[in-house]
Amino acid sequence: MKRFVFTLLVIASVMTASAQENAGDSTFLQKVGSRLSIGGYGEAVYSRNFYSDHVSRYSQPEAHKDDPSHGRFDIPHAVIFLGYDFGKGWSFGTEIEFEHGGNGIAYEKEDEEGGEWEQETEKGGEVELEQFWLQKSFARWANVRAGHIVVPVGLNNAHHEPLNFFTVYRPEGENTIMPSTWHQTGVSFWGRHGDFRYEAQFLAGLNSDNFTNTSWIKKGPKSPLEFDVANKYGLAVRLDNYTVPGLRIGLSAYYGHSIGNSYPNNANGVDAEYKGKVAIGAIDFTYQGHNWIVRGQADYGYLSDAEQLKYVYNRLNSKSPYKHSAFVSGNAYAVGIEAGYDLFSQIEYTRKHNQKLYLFGRYEAYNPYASSTKGTDYDYTAVKRMALGINYFPIKQIVIKAEYSKRFLKSLYNDEPSLNFGIAYEGWFELGHRQLAKKEQADIDRLNERINDLQRQLNELKKQ
């Protein structure tokens, strides 16, 4: 009996580590019985914000203390993933993302421009090609991917699908100071060896013309042109460890130059004289076990020559799509932690039917303008936020979310409470019952092989 229990525990730890290694990473081709992979994820959200949406709510907070609440429906992300295995180690992947329910040119009020209406000229409107790559796999530890790829810096970018965070919207801190999902064209080398997964990427640099006081480098990869400028370059690295069953710990970093990575490439002035070095370091973890899920991250960023960005030609030109009048910070940070417990684990019926109901809490603190530039401060960018809510999983691929959240700003400003409700799905679509049967059989075969291996090891231990 002890031997049987030991075998089951080992199998469980192996399956947990394997699941965590692949969970939340849509760049893995998850195929069984077919070379073609089709999948995706999506979210639909309703929010009621109990604070002012006036553009001067920070410059004149007392005047807007009692403004009415406002609500909105939104479809933050709807994503379709297609992948194909050509054989002989060659594979292809593409991910098309529809943001906020449509495409075309969007209008928005720019707070840093005094509430001026501007057209949002994001590349492709609000339909983005988030991934488009070819990959050659030489071995489990050596894979080369080239094309448009996800930059896995921070917890949110590496695990951005909606089943990988409790809140209705993506975690606010990382989503404020960094691109989300961060995707650029470049080359990646990645692999897995033992308890480690690693990746190194060579990318086009960020464009400092897009940096702002309220979102730091978030818009850095975006381009209103038909191409991404690559006058300067960047490097991203990531390392994940899975040694402890149920626990993944990740380290990630980015370094690149950003000033002058614009069009046209000016030979004189600020563009030629300064580099705008961007350096980001991040640590994150996910723990899943004993009916708990706990996630956390900490990110810190540095931007050199931040005080010079105000004088870059494209940011001064009123006809430029990059025009910004605000200063940009030399530093930014985001820290956050969330924990949820599965209440349904204590009920026999829901446990038997694999339904889950997580009661969760989240706390985060972030500031895209963490250091003063030329004596100019924007104190409203320093935010502490808490959220409390539930995640109900009727089946593994679908979640229904509800939360109460509140942003705590400095005492000069009004706090920002809200109620958020959302539905989301994430899954891979099997092409008929035949593939599903093959997948189930493959899972059974792998478990049988593992059980046989463990049995042989136990027999050898008994002999010793």
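The following dialogue concerns a predicted model of one protein chain.

Visitor: How many helices and strands does the chain have, and what share of its residues is buried?

Guide: There are seven helices and 19 strands. Of the 464 residues, 48% are buried. Among contacts with a separation of 6 or more, 68% join residues 24 or more positions apart.

Visitor: Why is Glu128 called buried?

Guide: Buried means under 20% relative accessible area. Glu128 has 9%, and therefore counts as buried. Glu128 is part of strand 7, residues 127–139. Beyond four places in sequence, Glu128 touches Glu95, Ile96, Glu97, Glu99, His183 and Lys222.

Visitor: Why is Met386 called partly exposed?

Guide: The partly exposed class lies between the 20% limit for buried and the 50% limit for exposed. Met386, with a relative accessible area of 27%, falls in that class. Met386 belongs to strand 17, residues 383–395. Its contacts beyond four places in sequence are Arg362, Tyr404, Ser405, Lys406 and Phe408. Met386 and Pro417, 31 residues apart in sequence, have their C-alpha atoms 9.5 Å apart.

Visitor: Which residues have the most contacts inside the largest nonpolar core?

Guide: They are Trp182, Tyr254 and Ile280, in a core of 35 residues. Strand 13 (277–289) and strand 15 (331–342) each give two or more residues to this core. Another core, of nine residues, lies apart from it and includes Leu163, Phe393, Val399 and Ala424. As for Tyr254, the residues it contacts beyond four places in sequence include Trp182, Val153, Leu203 and Ile280.

Visitor: How do you know that Arg407 and Glu172 form a salt bridge?

Guide: The criterion is a side-chain nitrogen of Lys or Arg within 4 Å of a carboxyl oxygen of Asp or Glu. For Arg407 and Glu172 the N to O distance is 3.0 Å, and the pair meets in a salt bridge. Arg407 lies in strand 18 (residues 398–408) and Glu172 in helix 3 (residues 172–177), so the bridge ties together parts 235 residues apart in sequence. Glu172 is buried, because its relative accessible area is 15%. Both residues belong to a network of salt bridges that also includes Arg57, Arg295 and Glu338.

Visitor: What makes Glu199 and Arg197 a salt bridge, and why are they called buried?

Guide: Their closest N and O atoms are 3.3 Å apart, and the limit is 4 Å. Glu199 has a relative accessible area of 11% and is therefore buried; Arg197, at 5%, is likewise buried. Asp240 and Arg248 form a salt bridge with an N to O distance of 2.9 Å, and both of these residues are buried. The whole structure holds 18 salt bridges.

Key
Residues numbered from 1 in each chain as written. Predicted model: local features only at pLDDT ≥ 70, side-chain atom pairs only at ≥ 80, totals over all residues. Heavy atoms only, no water. Helix = DSSP H or I, 4+ residues; strand = E, 2+ residues; numbered from the N terminus. Buried < 20%, exposed > 50% of the residue type's maximum accessible area, 1.4 Å probe, protein only. Contact = heavy atoms within 4.5 Å. Core = buried A, V, L, I, M, F, W, Y, C linked by side-chain atoms within 4.5 Å.
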